[in-house]
Structures are given as structure tokens and as C-alpha cells.
Amino acid sequence: SGDEEGPIRQHLENGDLQSAHETLTKLQNIFGKGNLYVEIQRHHARGEDWTNRRLLELAEAENLPVIATNGATFTVPHERPLYDAFTCLRHHTLLDTAGSLLSRNTQRYLKSPAQMAALFADLPEAIENTARLAERLEFDLQDLGYQFPKYPVPSEAQHLREKTYAGARERYGNQLSKKVRDQLDHELRIITKLGFCGYFLIVWDIVNFAREQGILVQGRGSAANSAVCYSLGITACDPIGYELLFERFLSEGRESWPDIDLDLPSGERRESVIQEVYRRFAPRGAAMTANVITYRGKSAIREMGKVLGFPETILGRFSDLYGGHGGGSGDSKEELTERLKKSGLAADHPRLPALLHLYNSVRGLPRHLGQHSGGMIICDTGLDAVVPLQPASMPNRTIVQWDKDDCEDLGIVKVDLLGLGMLAAMEDTLHICQQRGHPVDLALIPKDDPATFDLLCRADTIGTFQVESRAQMATLPVMRPKTFYDLAIEVAIIRPGPIVGDLVHPYLNRRNGREPVDHIHPAFEPVLARTLGVPLFQEQVLRMAMIIAGFDGAEADELRRAMAFKRADERMESIALKLRSRMSERNIDLLVQDKVVKAIGSFALYGFPESHAISFALIAYASCWLKAHHPAEFYAGLLNNQPMGFYSVSTLLEDAKRHGIKTKPVSILHSQADTSVLDNHTLRLGLHRLKGLRTDTIHRLLEARSHQQFSSLPDFLNRVTPNKTERRLLAASGALNGLPESPHRRAALWNAEKDHHDDLFGDQLSVISYQSPEPTLRVADAPTGSADFQTGPNAPVCRQITNNQSPITPLLPMTAMERLQTDYTTLGHSTGQHPMALWRAGLQPASKTPPSAPADANPLPSDNQQLITAPYRASELHSLHHGDQITIRGMVICRQRPGTAKGHCFISLEDETGIANLFVPRDTFQRYRLTITTERFLLCHGRLQISEGGQPTLYTTAIHPLPFPTQLHTRSHDFH
């Protein structure tokens, strides 16, 4: 081989002709002489001609054909710097020290046939041999030999029909209407014609397995448009009742396989279903699909900056400053340079141009291969005969080396087994309800429950599914959903497509009577009536095309694919031209044509299917119903399945508190493994909330306690035997409180260490203080004769302890602020006071406070006099007026900067009274970017805006850090 990595070439360059001949002999014995070629490459490098002459001599001596290649490693010459950067990443080195690892020049690019012929003009036979070899490589990706498994019945079509009609009678009643029978027959005919019967039966079988195991499962996506899927129990949405379009799911002209997504509870229950699929198609008939992870802003700067030798501090600061999408405009050269400047990189840094060039070159390129969140492909024979397989990082899983789009293009069938955290939380909630004697069947809960819709209308949706975001909570009081279909619209309307397509405000205006309903064309009224003439769903757009342009099912499917996530502008333009041509043939008014094309153009930007919205609305409604009627069980279910959703455990506990539910801390005497419900108004945190407590330790604790309650700290330590880290964790978190030796946390820390080590004053001192911000331990006054202690900030901790005379502990209890800090360190949250309540309690009242403002007001930094105003609490914003200039402070729980926001930022601040929402204009975000992205507590000033639904939002004009007396490890939902 002429490749620089080839062993024969290396032997020749080293002058070892004998080893080169021996290696060639081995290759001939393995592959046969007719399958070996000698490869020649020319890159105008020094010494290359000598090596090529030796290769030609070797080919002549062994009577082997010669081929000419270019060993291409990049497509065009100017990509050489990026290739060198990748070389450095591969070898874990810098460009400064890579040396001979780098390309010698830019010649390793893809040359044209004419360039190759000119380069090897003296070896025309090498060019001819290369062409002959290419002809021998007859591998065609369109004919991989893949076969979908057969379902083990004599007739798949007959079995599918029987199961479908049996299920339909359960869903629709024994006497099926003609409308239902006609729809089922229509769908079954198309499914049978396309050869998909086995696919539907296998998915049905997977769903049945999950239900037999008591696992919640629901199909969603376009499959919810199918009455067959509904009858089989795969989906829970009645497509006939909602008049959904089956062609959104399948049509006669479709060549690709259908895509049925199954939502399962995330975690072990979903994994059990995945492992069952592996078992059924063992040993190599099933695998997870891959997911190609590409370079994006932070990863591009970090890795390109690394090979250029930039300090880690600068690269880390850039990551902190990234702050979301920025609507695309955030990636301009000027803003990127400004962001790097704020990271500590000077604008005139000599390597800045190289960093910007590499950054722009690498963005969007594949970085590594990941595992798809739930896509599984199955085969009737070994998948390894079709596609490369490799073990996944997770045990007992196999992954294919192609991503889901490659598999779809090549006809390899994928079933999505997706993990949904809310299903896991709801499953736990239902289990707790069952344990407490009031079982709930989600299939039987009323769909018109007043308490549930009242909860939605007042946007009391923290912790629920799909309607918990700040945008949803701002829209709910305006939308005021009254029916289940209203909720489906609410789920769908706060999406990039309707937002970018400017569909949200027209719908809300029409709903609230401020704008007349316009159906675009009289023929569209049956399609658009439910959404007041605004096309919100993909199915509506497809029906519009079928009605006004005469599109058949295949053309509607072509339109659906053009509106898919990975779309091409050329395809949409082609569809638009076809639409206009068909509408012109039918003499449709040009104004109507424009409206139709505009509606379809909006859905080229992330259109949302109606079936998907209804499927999600079913879960959203159920979660809201559980919160309204079984709040204690609902919060317990959420806490037992973190992390998930929009909000941290801390925010969920605060929301529970506002609903009259208090939470007791973790206790070895009372806590179960999971968070439990003590009564309708009380939760007890589970041992699982402690970060670092091993599962087997929890099991030993519960087993020991089931026989006899712990009587003392030594009793607990002897029977459970936690390790040193766990002892400290349990003591510091307060989980040992209640034992005789543990009247408070520092006592527990002291005695847990005392009973296990003779040396109390080695490395244990930092543990006894446990993250205390104070430089020394505070020691309690010792009883006379028990020990010789001194007190005071500069006193020694301990001089001597006389045996059998020491008190329970010489240490003072933690202060409230120290307990808070320790809670956040050990648990990530606290059952005590909110951090902002403690912060306010430590303030001195301001000397000048306006009468209408809170008593704890104090001025902001003097560098901006317009900010001197009294800060308000979150709950007080509802009583203020639109346009009021106010200041607010709180703990950051959410930062968002979506791609549709044109660079604007949204922040949620929480205090002890609730949550305040902030709108940060793009320019303000850029000005305070470092503060916004790095500070955990903020002090913000701006103009209050009251929405139509009465929701207050602060139009923010200035942002400052809010000094907090200790470092809290708070968690916020940032830039997702």
C-alpha cells in the first residue's frame, strides 16, 4: 500500500525489503493473489518517488497489478487545517507539538479523473486498473438482504384483521358503525398491500408484553392517525372521532416503512421492554440505532481551542457564556468575537483568526456516534450480515453503526421505544394511590373535570406534562381551555412552527372574539373549523392540499416528507410550484393560493401533527388531573423520578408547599427507599434523595430496620455498616437526627467519626464542619471537668478530651444558613426555608423605603442610579400595574434562549413566595451575558408587563449579581 500508515510502505521507507516481501506473502496467503493490488500515491512529498519506485519493483517481482489513488483525507485543499486539527485531537496533542503527525501539504484531497490522469501520466495502466477495481466493487446499499421478521402465524393479514376487529369492538362497542368498518377496511387494505402486517403485529405484541408487566405504554406520533393502531391498543387516540388523516401515517404510494413510537416509563421498566425485544430476536437480530452527534457552538470552540493551545479557563468561560441558540444571529463573527473577549481572549490575539476559521469549518460536522434514545431495529436473521454491530456502553445492549435516517433510507425497520419521565412518575403516583386505598384507573377519569380545567386556566401547572413551561403558563390564562381538544391545541400551539409562522396570536385573537374567523376558502371549513380557520396541524395542511389541489395519498405523503424536520428548500419549492399549478387548473383565486402556500411554508418550520398533540394531551390531562385530585401522591411520583421535566426538586417542593403539602426530611428512622406519602398533606423524603448513598446500603438499612428500629448510633452503624463517606453524608444531611447521640447534625458528625477513629483531629475536622463557610469550628462551652475547651473565633478546636467524660459533642449546632448549604450539598435541595427567605432574614431594614414596597428593600449598586427602587417579591407582582418600574431578586431556576426568540432571553427567578418571569431583550442579554449565564442569584430591574391573561412579566433593563452569604449548589434548567 502507498498509504502512509501501510506496513509495507513503512518497511520500504526503513529499507527493510525482506520484511516487505514477507508481509506481502502473508497477504497473498490470506486473500489470494487475484485480490491484491499495489497502491501508488503521489503528493509531491520529499522521498515519495523513491518509495514509489520500490513499490513498483515489488509489484513487478510478484507480478501484481498497480493502482493509483490519492489517499484522500479531505475533499478540497483548504480543508487541510481542519484535518490537521482532527489529527491532533486523535493523538491528544497540540498543533504546536504535533510535528510529523500533520499533513505535509494540501495534496490529500479528492482529485478529479483528469487531475489523476495527469498526475499518473507515466503510469496509465495504474489508472486503468483503478477503474477496473471500482467496477468489481458491486456492493449496492439498496440491496442489503435485510428482511423484517415474520410474525409466527399462518397468515399475517388474516391474524391482523381478526385482532383489529376484536379490539375495535372493545373500543367502539359490539355494533361497529359503517364509518368505523369502512375506515378499518381501508387501512387494512393499504397495510396488507404494502406488506406491513407483520410489523403491526410485532408492535402490538410488544405493547401487550408491556401491559402484562403492568407497564404504562402509549403509542404516539403519526401512528395515532390509524384506527387500526387504536383498535389494537397501540395508541389511545380515536382517529375516527377526531377525523384524523390516515394518509399522514400511511399511503398507497409509500415506499418506506411506517414509524410507530411507543412511550414507556423511563428507567428500569423501559429497559425491561428493550431487553425483551433483544431476547426475542437473539442473538443478533436486534440492536439500537446510532445517533450522529455533530459539532455545535460549545464543542466546536472547546476542541478547536484545545488543539490551538488556548487555556482551559478561557474555553470553560466561553461554555458558561454560550447561553443557547440566539436565533441564529448569535453565531455572527462579531458576537462570537465579543463572547470570546468576555471569556478572556483579547480581540488582537494572534491565534484568534485561526480559531474562528476552525470553528466555522467544524460546525455541523459529525463529532462522534451516540446511541439513539430508543430506536430499535430488528431482523429475521443476524443483523451483523447487514450492518456493522458493536457493544453499547450500557450493559446488555448492542448498537448498529448507522443512524436512524440511514436505516430508514435503506429500508431497515425501526421501532422507537422511548422513555418518558412523566409516564414513570404517573405510574408511581398510581401505585401510591393503590397502596393508600384509593386506586385510580386513568382510562376512567372524566375528560371534563372542572377542577382540572380550573388548574389549567390559572396556569397552576408546575410539574405537569407539556404545559409546564413558562410560555405555556403565560398562554393558558389567555387560552382558558375548557375541553380536552382545547388542551390538545394548547400543547401544539407553543411550538416553533406556529410561533415562527405567526399563528399563535391569530388563533388567540379569534378565540377571544377580537378577530373574525377566516377559513381561507369555503372548502376548508370542515378542515379548519376546530382551529378557527388557523392551520395549526400537519394533517390540516395535507387535507387542504388534497381538497384544493387534488393531491392523492402519495402526493400528500410527499408533502409530509418535505415538511419533515430534515427538509430541503428545493423540495418545498417544488411542492409549492405543483400546488400553484393544480390550484390554477381549478381557477383558484391568487389570493387564496398565496394563503395556502404561506400556510404550508409555515409548516416547513417544524409543523406539529394533530395526532401527536392529542396523544400528548392525553398524558398532559392525566397529569393535571392527578395534581388536582391527588397532589401528595403526584408530588411523590415526581420526586421519585428525577431528573425530569422543567423544574428541579427544590422548585417542586416549594410548589408543594404552596399547595399545603409539607415535606419531612430524610431520616434513617422513618424514610423508605423512595419518597412516601404520610397523609394527604405530608411527604417523607426517601433515602434515594441522598447523593452518594449506595443502593445496597439502602437495602441493608431497610432490612435491618424491618426487624428492629435503631436504638442508637452504634446500633445503626454496626447493623448497616455504611462506609466512611456514607456516614458523613447521613450525619451532615440530618438523616441521623433522632438518635440519642444525634441531637443535631454536628453532633452526628462528631459521634459518627468518634466511634470509628481514634484520631479525631486529623482529616476529620473538615468533615465535622461539613462545608461550613467559617474558617474554624465553633465549639460549645464544655461542662466542668469533662474537657478543656476554649471558645472564640481564634481559639484552638480542642486540647484534650478525658475518657468517659466528654459531652455528646463539643460543637455548636449548625446555623440555618449552614444547614441550607449542607442540604444543597448532600441533597440538592432543602425541606427548610427557601434560600431567599433566609437571605431576607439576614438583611438590615433599609432606612428609606417607599410605603408601598416591602420592608427589606435596599438600593442596587450605585453605578446605575435608575435602579434605586424597592425590590418586590414574586407574589406581589400580581398586585402591581402594567408599566411600573420595579426591581426583583431571586434564585435562578430557568434560563432559555430558543432559536425562535431572535436572540432574546427568558429567565425565571424563584423566591419564597413563587416564581417571577423575566424577558431579557437581546441587547440587554449581550450587555449582561456573563452575569446571566454564571450567577445563581440575580437582582433585576425593569418595566412590568401584564399580559392579557393577567400574567406579570418583567421587561428587564438591568441585571446584577445578588450576593449570597454562602455557596449553594443550586440547579437550574438552562438553555434547553
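A residue counts as buried when its relative accessible area is under 20%. Ala 68, at 4% relative accessibility, is therefore buried. Welcome to this structure, which is a predicted model.

**Around Ala 68**

- Ala 68 belongs to strand 2, which covers residues 66-68.
- Leaving aside residues up to four places away in sequence, Ala 68 touches Ile 40, Met 116, Phe 120, Ala 126, Ile 127 and Thr 130.
- Val 38 lies 30 residues from Ala 68 along the chain, and the C-alpha atoms of the two are separated by 8.6 Å.

- Seven strands make up an open sheet with mixed pairing, and their order is 3-4-9-6-5-8-7.
- Its edges are strand 3 (218-220) and strand 7 (389-391), each of which pairs on one side only.
- On average, neighbouring strands of this sheet are turned by 45° against each other, with direction ignored.
- Inside that order, strand 4 (residues 261-265) pairs with strand 9 (residues 414-420) in the parallel sense, over five bridges.
- For a place to look, find Leu 262, which stands opposite Leu 417 in strand 9.

- Is Arg 220 buried or exposed? Its relative accessible area is 12%, so Arg 220 is buried, since the cut-off is under 20%.
- The side chain of Arg 220 makes a polar contact with the side chain of His 612, at 3.3 Å.
- Not counting residues up to four places away in sequence, Arg 220 touches Thr 235, Asp 261, Asp 263, Leu 418, His 612, Ser 615 and Phe 616.
- Two of these neighbours, Asp 261 and Asp 263, fall in strand 4 (residues 261-265), while Leu 418 falls in strand 9 (residues 414-420).

- Helix 29 (residues 631-639) is mostly covered, with eight of its nine residues buried.
- Those buried residues are Ala 632, Glu 633, Phe 634, Tyr 635, Ala 636, Gly 637, Leu 638 and Leu 639.
- What do the buried residues of helix 29 pack against? The partners are helix 17 (421-435), helix 28 (610-629), helix 30 (649-658), strand 11 (676-679) and strand 12 (682-684).
- In helix 18 (residues 450-457), the buried residues are Thr 452, Phe 453, Leu 455, Leu 456 and Cys 457.
- Helix 19 (470-479), helix 20 (484-493) and helix 28 are included in what covers the buried residues of helix 18.
- After helix 18 comes Ala 459, whose phi is positive, near 60°.

**A pair of packed helices**

- Helix 33 (residues 724-733) packs with helix 36 (residues 816-826) at an angle of about 140°, and their axes are 9 Å apart.
- Why are helix 33 and helix 36 oblique to each other? Their angle is about 140°, and only angles over 145 count as roughly antiparallel, so the two helices are oblique.
- Helix 33 and helix 36 cross in a left-handed way.
- At this meeting place, Leu 729, Ala 732 and Ser 733 come from helix 33, and Thr 822, Asp 823 and Thr 826 come from helix 36.

- Strand 20 (residues 952-961) is mostly covered, with seven of its 10 residues buried.
- Strand 19 is mostly covered too, and seven of its 10 residues are buried.
- Strand 19 (residues 937-946) and strand 20 run antiparallel and are joined by nine bridges.
- Along this pairing, Leu 939 stands opposite His 960, and Gly 942 stands opposite Thr 956.
- Five residues lie between strand 19 and strand 20, which form a hairpin, and Gly 950 in the turn has a positive phi of about 85°.
- Strand 16 (residues 885-896) also runs antiparallel to strand 19, joined to it by seven bridges, with Gly 890 opposite Leu 938.
- Strand 18 (residues 914-920) pairs with strand 20 in the parallel sense over three bridges, and Phe 919 stands opposite Tyr 955.

Note on methods: Residues are numbered from 1 along each chain as its sequence is written. This is a predicted model: local features need pLDDT of at least 70, side-chain atom pairs count only at pLDDT 80 or more; totals for chains, interfaces and linings use all residues. Side-chain values use heavy atoms; hydrogens and water are left out. Two strands pair if DSSP finds at least two bridges between them. Helices (H or I, at least four residues) and strands (E, at least two) are DSSP runs, numbered from the N terminus. Axes are lines fitted to C-alpha atoms, for helices over the stretch in contact, and angles run from 0 to 180 degrees between N-to-C directions. Buried means under 20% relative accessible area, exposed over 50%, partly exposed in between (1.4 Å probe, protein chains only). A polar contact is a pair of N or O atoms within 3.5 Å; within protein, one must be able to donate a hydrogen and the other to accept it, and residues adjacent in sequence count only if both atoms are side-chain atoms. Contact means heavy atoms within 4.5 Å. Angles under 35 degrees count as roughly parallel, over 145 as roughly antiparallel, 65 to 115 as roughly perpendicular and the rest as oblique. A crossing is left-handed if the near helix is turned anticlockwise from the far one by less than a right angle, and right-handed if clockwise.
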